[in-house]
Amino acid sequence: QAESGGMVLGFFNILRLILPNLEKFNIRNVVVHNLPIEPATILVATVYAIIYAALLLFLASVFFKRREL
C-alpha cells in the first residue's frame, strides 16, 4: 500500500513540474477588490509565459528534428 502511494505521489510531483503553474496569472483578488496591479506581478507572469513557451518550442524542435517527415 505505502509503495503504491509513493508511486502516485511521485507521478503527481513529476506532473506538477511539467504542467504550467497557472496561479501566476491569477489576479482575481486584485481585480475584485479594485486594487492596482503591481508591475512585478505582470512582469513575473510575462517572463514565466515566455520561458515556458520557449521551453516547449525548444522541446518540439528537438522532437521533430529526430523524426523523418
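Me: Is Ile27 buried, partly exposed or exposed?
Reply: Ile27 counts as partly exposed, because its relative accessibility is 30%. Here buried means under 20% relative accessible area, exposed over 50%, and partly exposed in between, with a 1.4 Å probe and protein chains only.

Me: Okay, and where does Ile27 sit?
Reply: Ile27 is in the loop between α1 (2–18) and α2 (28–32). Helices are DSSP runs of H or I with at least four residues, strands are E runs of at least two, and both are numbered from the N terminus.

Me: What is Ile27 in contact with, beyond its neighbours within four places in sequence?
Reply: With those neighbours left aside, Ile27 is in contact with Ile37 and Thr41; contact means heavy atoms within 4.5 Å. As for Pro39, Ile27 is twelve residues from Pro39 in sequence and 12 Å away in space, C-alpha to C-alpha.

Me: Before I go on, what kind of model is this?
Reply: This is a predicted model, where local features need pLDDT of at least 70, side-chain atom pairs count only at pLDDT 80 or more, and totals for chains, interfaces and linings use all residues. Residues are numbered from 1 along each chain as its sequence is written, and side-chain values use heavy atoms, with hydrogens and water left out.

Me: What does the pLDDT average for the protein?
Reply: The average is 89, and 93% of the residues score at least 70. pLDDT is the predictor's confidence in each residue, from 0 to 100.

Me: Switching topic: what is the phi of Asn34?
Reply: Asn34 has a positive phi of about 55°, although it is not a glycine. Most residues other than glycine have a negative phi. Asn34 lies in the loop between α2 and α3, and it counts as exposed because its relative accessibility is 69%.

Me: How many aromatic pairs are there?
Reply: A search of the whole structure finds four. Rings of Phe, Tyr and Trp (its six-membered ring) pair if their centres lie within 6.5 Å; planes under 30 degrees apart count as stacked, over 60 as edge-to-face and the rest as tilted.

Me: Are Phe63 and Phe64 buried, partly exposed or exposed?
Reply: Phe63 is partly exposed, with a relative accessible area of 46%, and Phe64 is partly exposed too, at 45%.

Me: Which residues form the aromatic cluster?
Reply: Phe25, Tyr48 and Tyr52 form one aromatic cluster.
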